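Here is my note for a colleague who is coming to this model for the first time. Please read the points below with the sequence and the structure open.

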Amino acid sequence: MSRAFAIVAGAVAIVIAGMAGTAVAHPLGNFSVNSYDGLTIGLEELRVHHVLDLAEIPTTQLRPGLDTDKDGALGATELRGWADSSCADAATTVAASLDRHPLPLEVTTAEASTRPGQAGLPTLRLDCQLHADLPRIDVNSVLTFKDPGTNRVGWREITARGDRVTLTRSDVPKDSVSKQLLSYPEDMLASPLDQRTASLTLAPGGPRSDQAAASQDGVARTPLSNVLPRGVDHLTAAFTDLIARRDLTLGLGALAFAIALGLGALHAIGPGHGKTIMAAYAAGRGEHSLRGVLTLGATVTITHTAGVLILGLLVTVSTALAPETLFPWFGAISGILVLVVGVTLLRGAIQRLRQHQLNSHGHGHGHGHGHGHGHGHGHGHGHGHEHTGERRGGLVLMGIAGGLVPSPSAIVVLLGAAALGQAWFGVVLVLAYGTGMALTLALAGLVVVRLSERVQAKLLRGAQPRTWLRLFPAAAAAVVIVLGVGLTARGLGTALGIG
């Protein structure tokens with residue numbers, strides 16, 4: 001099954017990629033801002049090659065301020081103006097010192113360029129050449145450098161080499177493993193470099209910079225996989241490229257809608273996204289009615305779509321917002337909602353166990369009294385209405401929890417469609433994406449319910465199975481509570497940088 005699915009998904013990806021062109025997604029994700037500082041220490045001068053590589057989302061955030069003529073494109077004059085101001089800012093942001101004496105940096109050259117990214121959105125690259133005059137270098141002189149960078153997720157790399165100066169000690173490599181942010185190594189994408197400082201011990205004399213030997217020392221890394229959720233990367237990349245096509249036709253739109261629906265389903269099949277929680281909830285409640293499935297599906301779709309639309313709006317109106325930092329908080333809130341539902345489930349299960357014991361006792365005590373029997377029937381009827389209300393509330397909370405964390409790919413699709421003047425199409429595709437998620441999550445719950453019903457039917461044939469079966473809803477509620485605690489802890493841990 002999985003092999004057949006992989007073959008179909010791969011074939012679809014190849015077809016879409018052929019239709020969509022050669023634009024590729026940023027290897028470190030659509031939200032990343034990546035930096036590189038290449039230090040060259042000469043006898044009289046420190047040279048710094050400062051590079052920024054902005055993925056699609058941060059580039060989209062900057063575009064309204066850069067596009068001064070409002071023609072929807074970034075021309076040479078606009079890019080030059082941004083490069084000049086950004087490199088001037090970089091010269092004051094990064095800090096260098098020699099033997100604890102600050103080294104003022106000045107801009108030598110400033111350049112900016114764009115490259116095509118996902119969904120017709122560009123990526124942006126900044127190249128700054130900075131320099132500072134150096135006083136006399138003695139044996140064991142110490143040069144320090146710091147680039148604080150931004151709070152955005154991404155790659156942070158520093159290299160250093162001498163030019164007729166020997167680096168007797170260095171905590172950074174001489175060569176860039178990312179080729180100055182032009183070719184990221186695939187085996188390091190999940191844990192990108194996070195080097196923000198350098199400390200170098202110098203001695204005068206040595207080969208010229210073009211003759212220096214290269215080395216690759218290890219530096220700290222930050223686990224990117226814990227920050228942003230990832231989907232079916234190759235198929236998603238091909239799909240978002242499809243949005244970049246300007247010749248939108250009815251057939252192409254229908255194909256994109258169908259793929260968005262499928263991608264939403266695949267996104268929900270991936271790790272997380274509450275499938276296990278949904279299934280445990282459905283098993284605990286016995287929720288297998290059409291109304292329950294529709295309620296759950298509609299809530300997931302509405303919540304996910306609203307989240308994507310709100311984040312897409314925030315991205316376009318704010319350059320300071322780092323949207324990727326919100327994802328762990330969304331995950332934590334989702335976990336809290338699941339925890340609340342789990343506690344409610346457990347409380348209801350305990351109440352039903354107690355009520356069953358009371359009813360059993362009352363039935364045995366007053367079997368011959370018609371009045372007592374009628375009273376018990378009336379009480380059970382009222383409790384059923386209360387149970388139905390709790391069930392609907394729990395379904396809505398579980399639907400919100402399942403759709404609360406928006407898909408980054410859906411945000412890119414929305415922004416790409418808006419950039420091409422087809423925002424309505426982006427909204428339609430986001431709705432399809434959320435619907436695909438909802439169908440998967442609802443079906444997961446239904447499958448578990450059907451299986452649990454069969455298991456219970458078999459157990460009823462055994463000897464005295466009823467006591468164990470009455471404990472089943474409480475056990476399912478306990479599973480929901482444990483999963484909710486885990487989801488909350490994971491979200492808070494990532495958001496607060498713990499673990």
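**Notes on the predicted model**

1. The chain holds 13 helices and 10 strands, where helices (H or I, at least four residues) and strands (E, at least two) are DSSP runs numbered from the N terminus. This is a predicted model, in which local features need pLDDT of at least 70, side-chain atom pairs count only at pLDDT 80 or more, and totals for chains, interfaces and linings use all residues. Residues are numbered from 1 along each chain as its sequence is written, and side-chain values use heavy atoms, with hydrogens and water left out.

2. Of the 499 residues in the chain, 46% are buried, meaning under 20% relative accessible area with a 1.4 Å probe, protein chains only. Among contacts (heavy atoms within 4.5 Å) with a separation of 6 or more, 82% come from residues 24 or more positions apart.

3. Strand β1 (residues 33-41) pairs with β2 in the antiparallel sense over 9 bridges, pairing being called when DSSP finds at least two bridges between two strands. A hairpin of 3 residues connects β1 to β2.

4. Strand β2 (residues 45-54) has 8 of its 10 residues buried, and 10 bridges also join β2 to the antiparallel strand β6 (residues 122-133). Leucine 52 in β2 stands opposite serine 35, while in β6 the bridge partner of leucine 52 is leucine 126.

5. An unreviewed UniProt entry places the feature "transmembrane region" at several spans, including residues 326-346 and 395-417; such annotations may be inferred rather than shown by experiment. Residues 326-346 are 95% helix and 0% strand, with end C-alpha atoms 30 Å apart, whereas residues 395-417 are 83% helix and 0% strand, with end C-alpha atoms 32 Å apart.

Note on methods
Buried < 20%, exposed > 50% of the residue type's maximum accessible area, 1.4 Å probe, protein only.
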